[in-house]
Amino acid sequence: MTSVTTPLDTRREDPRTRERATAHLLTVTTIVESGFGIALLLTPAWVARVLAGIEHASPELSVVMRVAGGIVLTIAAWCALGRLSEGGKPRTRPLDLVPGLVVYNGCAVAVIGDALVRGVRAPLLWPALAVHSALLLWCIACLALEHTERR
């Protein structure tokens, strides 16, 4: 037997819940990536030692790490601007940034996980893996909330 439901019978999630989840994700990502990007730009040798266990960073590695710091700061800036543009037109909503964050955090998890599997020992690799894994799951949850909202 099939049942007939009316639009009033179906439970729709409050769109503000989805917006708050995405807003919090973008705020946390802005803070985390800003701190890491600034550290990469200002002290690449220290980050190399703490994150990857490299005792003496070469000048070439420092340049590459500073470029990576600029990229990470760009991600932080996008998230900050996305957070500020929440009230904008539908195509400029912050959720439009989330698929890119899924790719970024997914790649970070894969690269850090590969380093750990290969035996790289550094103090902050496990915490970095945990942070990026949590952000990845959060991004996926935001996308899932959006998907259920569209139904």
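## Around Glu33

Glu33 sits in helix H1, residues 15–42, and touches Val72, Leu73, Ile75, Ala76, Tyr104, His132 and Leu135, not counting residues up to four places away in sequence. A contact here is heavy atoms within 4.5 Å. Helices (H or I, at least four residues) and strands (E, at least two) are DSSP runs, numbered from the N terminus.

This is a predicted model, where local features need pLDDT of at least 70 and side-chain atom pairs count only at pLDDT 80 or more, while totals for chains, interfaces and linings use all residues. Residues are numbered from 1 along each chain as its sequence is written, and side-chain values use heavy atoms, with hydrogens and water left out.

Is Glu33 buried or exposed? Glu33 is buried, yet has no salt bridge. Buried means under 20% relative accessible area, exposed is over 50%, and partly exposed falls in between (1.4 Å probe, protein chains only). The nearest side chain of opposite charge is Arg83, 16 Å away; for charges, Lys and Arg count as positive and Asp and Glu as negative, with His and the chain ends not counted. What the Glu33 side chain does have is a polar contact with the side chain of Tyr104, at 3.1 Å. That term covers a pair of N or O atoms within 3.5 Å; within protein, one must be able to donate a hydrogen and the other to accept it, and residues adjacent in sequence count only if both atoms are side-chain atoms.

## The one salt bridge

The count comes to one salt bridge, the rule being a side-chain nitrogen of Lys or Arg within 4 Å of a carboxyl oxygen of Asp or Glu. Arg118 and Asp114 are the pair, 2.8 Å from N to O. Arg118 is exposed at 67% relative accessible area, and Asp114 is partly exposed at 35%.

## Cores and cysteines

The largest nonpolar core has ten residues: Ala21, Leu25, Leu26, Ile75, Cys79, Val98, Leu101, Leu135, Cys139 and Cys142. H1, H3 (59–84), H4 (98–117) and H5 (125–150) each supply at least two residues of this core. Apart from it lies another core, of seven residues, among them Ile112, Ala122, Leu125 and Ala128. To count as a nonpolar core, buried Ala, Val, Leu, Ile, Met, Phe, Trp, Tyr and Cys residues must be joined through side-chain atoms within 4.5 Å. Leu135, listed in the ten-residue core, touches Leu25, Val28, Thr29, Glu33 and Asn105, leaving out residues up to four places away in sequence.

Cys139 is buried at 0% relative accessible area, whereas Cys107 is partly exposed at 45%.

H2 covers residues 44–52, with Pro44, Val47, Ala48 and Val50 buried. Just after H2, Gly53 takes a positive phi of about 80 degrees.

Met65, in helix H3, is buried at 13% relative accessibility. Beyond its neighbours within four places in sequence, Met65 is in contact with Leu40, Pro44, Val47 and Ala48.

## Whole chain

The chain comes to five helices and zero strands. Buried residues make up 29% of its 151 residues. Of the contacts between residues at least 6 apart in sequence, 75% join residues at least 24 apart.
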